[in-house]
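Here is a friendly walk through one protein model. Keep the picture open beside you as you read, and look up each piece when it is named.

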Amino acid sequence: MIINLETIDDPQLDAYARLTEAQLRSRLEPEKGIFIAESSKVIERALDGGMQPLSFLMDQKWIEPMRRLVERASAEQGVDLPVYVLPHDELKKLTGFELTRGALAAFRRPPLPAVEDVLAGARRVAVLEDITNFTNVGAIFRSAAALGVDAVLVTPTCCDPLYRRCVRVSMGTVFQVPWTRIGTTKEDWPGAGLELLHRLGFKAAALALSHDSVTLDDPRLKAEEKLVLVLGTEGDGLAPETIAQCDYTVLIPMQHGVDSLNVAAASAVAFWELRAR
């Protein structure tokens with residue numbers, strides 16, 4: 001259903017133009033939560049991942065290129081979904097619109113599954129501890145999808161993987177890799193969280209610089225049937241109590257005096273080296 005609008009100020013576009021990420025999440029009523037996907041590729045991956053679309057927003061010239069996805073989404077939902085169309089100059093008022101390749105879609109936020117369900121059958125898992133950089137989280141998800149990580153867990157104070165920039169940087173892989181939060185309050189991690197992972201049969205490897213760190217190519221790591229890789233935030237890295245409760249502390253050997261990598265780059269190296277054989 002094409003709906004031509006004249007201005008980005010139209011109240012029908014609040015989800016795209018005015019609601020904050022916190023308002024979109026709708027913490028008090030999570031069943032009403034929304035997230036925004038940008039670009040045809042990301043929208044398609046969201047649909048492939050079973051996400052429920054609510055509406056679309058695009059430039060006039062994108063109506064035909066997006067027709068297949070809009071018709072598919074409408075058919076799957078059993079309703080004629082609204083497609084809001086704005087003049088390009090109005091769409092440019094949206095921050096970052098030029099990066100979206102012309103089309104956006106609003107989706108219903110899915111309920112988070114239980115950790116046990118996400119990890120059923122998993123052998124390699126990433127835990128993101130308190131990472132608050134949206135770009136890094138999106139990049140880690142993209143590496144996880146490409147390099148065979150079975151699931152991603154985010155700690156209670158890690159940023160939201162369905163934040164608009166995370167979704168965009170991940171190129172929609174947040175809809176391909178199973179994920180959930182491990183705990184609901186900051187008190188749930190690391191104690192209860194790592195206890196749960198150990199109970200599910202996983203060994204935990206903290207990526208950190210320490211006097212007792214083993215190198216990433218240590219054969220004991222590759223021999224582990226079920227391994228969790230715990231990644232920390234930029235700057236501070238992992239909390240000391242997290243490192244203390246992990247089974248291994250692991251470092252990536254460096255050259256030329258470099259002591260560490262950006263967490264997204266480090267994750268890609270670790271995912272590849274410790275992939276399940």
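Two strands count as a pair if DSSP finds at least two bridges between them. With that in mind, look at Glu-38, which stands opposite Leu-104 in strand 5. Please remember that this is a predicted model.

**Strand 2 and its partner**
- Strand 2 covers residues 34-38 and is joined to strand 5 (residues 103-108) by five bridges, with the two strands running antiparallel.

- As a general point, strands of a sheet pair through backbone hydrogen bonds, in either a parallel or an antiparallel way.
- In this model, seven strands form an open sheet with parallel pairing, and their order is 8-7-6-11-9-12-10.
- Which strands sit at the edges? They are strand 8 (179-181) and strand 10 (214-215), each of which pairs on one side only.
- Inside that order, strand 9 (residues 203-207) and strand 11 (residues 227-231) run parallel and are joined by four bridges.

- Why does Thr-180 count as buried? Its relative accessibility is 1%, and buried means under 20% relative accessible area.
- Leaving aside neighbours within four places in sequence, Thr-180 is in contact with several residues, including Leu-112, Pro-113, Val-118 and Val-152.

**Nonpolar cores**
- The largest nonpolar core has 57 residues, and those that touch the most other members are Ile-43, Phe-56, Met-58, Phe-107, Leu-128, Val-152 and Phe-175.
- Which helix gives the most to this core? Helix 12 does, with five residues.
- Val-152 also has contacts beyond its neighbours within four places in sequence, among them Ala-126, Leu-128, Phe-141 and Thr-180.
- Another core, of 20 residues, lies apart from the largest one, and its members include Val-115, Ala-151, Val-228 and Val-230.

**Helix 4, a helix with two sides**
- Helix 4 (residues 67-77) has four names to look for on its buried side: Leu-69, Val-70, Ala-73 and Ser-74.
- Seen down the axis of helix 4, these buried residues fall within an arc of 130°, so they line one face of the helix.
- On the other side of helix 4, Arg-68 and Ala-75 are exposed.
- What covers the buried residues of helix 4? The cover includes helix 3 (40-48), strand 3 (52-59) and strand 4 (83-86).
- After helix 4 comes Gly-78, with a positive phi near 75°.

**A loop residue**
- Thr-185 is found in the loop between strand 8 and helix 9 (191-199).
- With a relative accessible area of 36%, Thr-185 is partly exposed.
- Thr-185 and Ala-22 are 163 residues apart along the chain, and their C-alpha atoms are separated by 16 Å.

Notes:
Residues are numbered from 1 along each chain as its sequence is written. This is a predicted model: local features need pLDDT of at least 70, side-chain atom pairs count only at pLDDT 80 or more; totals for chains, interfaces and linings use all residues. Side-chain values use heavy atoms; hydrogens and water are left out. Buried means under 20% relative accessible area, exposed over 50%, partly exposed in between (1.4 Å probe, protein chains only). Contact means heavy atoms within 4.5 Å. A nonpolar core is a set of buried Ala, Val, Leu, Ile, Met, Phe, Trp, Tyr and Cys residues joined through side-chain atoms within 4.5 Å. The arc is that of the directions from the helix axis to the C-beta atoms.
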